[in-house]
Amino acid sequence: MKPSPLLRVAGLYKNFGGVQAIQDLSFDLAQGELLGLIGPNGSGKTTAVNLITGFVKPTEGEIIYRGQNISGLPPYKIIRRGIARTFQMVKPFYQLPAYKNMIIPLYSPRVKKMVGGKYGDRDAVALDLLEEVGFERDAFVAYKSASVLPQGYLKRLELAKAIALQPDLIILDELFSGLSLAEVASIVPIIEKLRLEGKTIIMIEHRLKELFRIADRIIVLNFGEKIAEGLSNEVMESDAVKKAYLGAEA
Amino acid sequence: MRNADLNSGGSKQRRKERIDRGIKARSSDVFALSSWREMLYLAAPRFIPIVGCLMLPLVLGIYWQKVLLSVAVFALLAISWDILEQSGMISLGQALFFGMGAYAAGVFNHYFGWSPLLTIPFASLLGGMICTVILLPVLRLRGIYFSMVTLIIPLMLVRIVEATKIFGGTEGLSGITPLPSKWLELYLIVGALLGALFGFRRMMGSDYGLVLKGINDNDRSVMNAGINIYWFKAQALFVASSIGAFTGAFMTHVYMFVGMPVFALDYSILPIAAAVVGGPGTMAGATLGAFILVPLSEILRGIGGLRIVIYGLFLVVFIVALPEGIFHYIQRKYHQFERWVEV
């Protein structure tokens, strides 16, 4: 018997005006799984994430997280239940040093609940978390203002902000885009470590090679519809996927 | 210069170093002090305004004491504006807060005979609460849309008072009890100003303040931390409007009158001018701005009709010459002070 899924998306629809951004999207996600969500530009990947995290309200359909329907809840309530996400366009607080950026997620009621009301010194926790994602402590990178950090560090900061919330489900929206091969190679172990800790992860990626290496399962979207689902080599064999990507991946 | 030093031989070499270099430990809020002089360097910018403000009522004449009241009131309104600005709400309606507090104090004194020492704290909280409730529905609006609503509400309230003739209508309520003594009046407002300035600076520097600033910077990102930004915005709004309501309640007892002028545009615009000239985002800048603009407007009173023109010119010159604000400029220069150190 299969255990009940951590997240179940059932018959999800979203239209923006006349545009069908998501059509009849359904999938289950088991605890500890790493799901890759791929598809050509404009296929609705980010919209799917926005729907799950409540930044966009679904037109129709259900999102069941831990047996409870969370569709239509405001983002802060969904995130408090243990779903954290990163943004494709990084959203740091540019005025602040990197480690002060971490204070805001550490101030979250979610963290308060997880650590049992005792925050401790948020600055110290922030520096520890940043070191985990590769802010070298000896080089004092964490003290630099977010406005002067290169893209690679901003992506790490975005990841650290999500990890700080101690979530059960982490949704990474194109974490690798805009990063060099070396940078990607240095972030992959962080994601693998999260998996070892038992986190469930959804990754939206265009960097298919790197994604296929770590993903358990892939879902391919095109024009808001799921056109394939399965192991990475299986989905790329599918005719529908080949057709969708033809031209897009010249 | 360096060569000359090297060639001088024998004598110890010296170079210039920024004073705060040895004091600041990388971050702006951790200090490592090693002498009384360094302590003084840090304490002076806090010490001087406190002593200065406490001394002013003693050295000023009666006329300038009245100006000081007005300075402190506008400084508090500017601080109130600054708190909202730092939390991502650009308000054009400080008059709403001022007027609410003024009417609340006036009504409770006039109809119920409460003493000023009771009406002022009560009106601050009640006024703050009413303003927060009025603005709750528009907290979702951002930028100029929020500003427009705050601008319009006080103007609407004036017409409502006029049309319904409540609370004395166009005549207002007069014969309000004054505060027991002139000195209490002066030190109440100066104490409130200092308390608000240092207290709310500390608040905005804390982790709580950081969340408010985060909302200004990127509200979606704060929402993404599982934080209900509308709850935090409502709290900031309550704090800011309570400060405004306090000044209104205070002035009602100083003027011994409350009427439609309490919703005047001056109470909305002048605090913004003070905060912008002084430098927004610090509250100290807002206070400094009020200490420059209000007396300036008094000095120019003798000029007559051209007063507004010259006043406006001053504003333009300040803003063009020091767009960052006077306080930020002074702060930067202060951190650049150098001393000679032996190498």
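This is a predicted model: local features need pLDDT of at least 70, side-chain atom pairs count only at pLDDT 80 or more; totals for chains, interfaces and linings use all residues.
Residues are numbered from 1 along each chain as its sequence is written, and chains are lettered from A and ligands numbered from 1 in the order in which they are written.

**Exercise 1.** Describe the make-up and overall dimensions of chain A.

Solution. Begin with the elements: chain A holds eleven helices and ten strands, where helices (H or I, at least four residues) and strands (E, at least two) are DSSP runs numbered from the N terminus. The radius of gyration of chain A is 18 Å, close to the 18 Å that the globule rule gives for 250 residues, so chain A is as compact as a globular protein of that length; the radius is taken over C-alpha atoms, and the rule is 2.2 Å times the number of residues to the power 0.38. Along its principal axes, the C-alpha trace of chain A spans about 50 × 40 × 40 Å.

**Exercise 2.** State how many residues helix H13 of chain B has and what span it reaches.

Solution. Helix H13 of chain B covers residues 284-299, which is 16 residues, and reaches 23 Å from its first C-alpha to its last, close to the 22 Å expected at 1.5 Å a residue; the expected span is 1.5 Å times one less than the number of residues.

**Exercise 3.** Determine how H12(B) packs against H13(B) and against H14(B).

Solution. First, H12(B) and H13(B) pack at an angle of about 110 degrees, with their axes 7 Å apart; axes are lines fitted to C-alpha atoms, for helices over the stretch in contact, and angles run from 0 to 180 degrees between N-to-C directions. That makes H12(B) roughly perpendicular to H13(B), a label given to angles of 65 to 115 degrees. Next, H12(B) and H14(B), residues 307-321, pack at about 35 degrees with their axes 9 Å apart. Here B:Ala273, B:Val276 and B:Val277 of H12(B) meet B:Leu315, B:Phe318 and B:Ile319 of H14(B), contact requiring C-beta atoms, placed from the backbone, within 7 Å.

**Exercise 4.** Identify which element gives the most to the side of chain B that touches chain A.

Solution. The contact takes 17 residues from chain B and 21 residues from chain A. On the side of chain B, the elements giving two or more residues are helix H9 (207-217) and helix H10 (219-223), and H9(B) gives the most, with five residues.

Terms used
Angles under 35 degrees count as roughly parallel, over 145 as roughly antiparallel, 65 to 115 as roughly perpendicular and the rest as oblique. Two residues are in contact if their C-beta atoms, placed from the backbone, lie within 7 Å.
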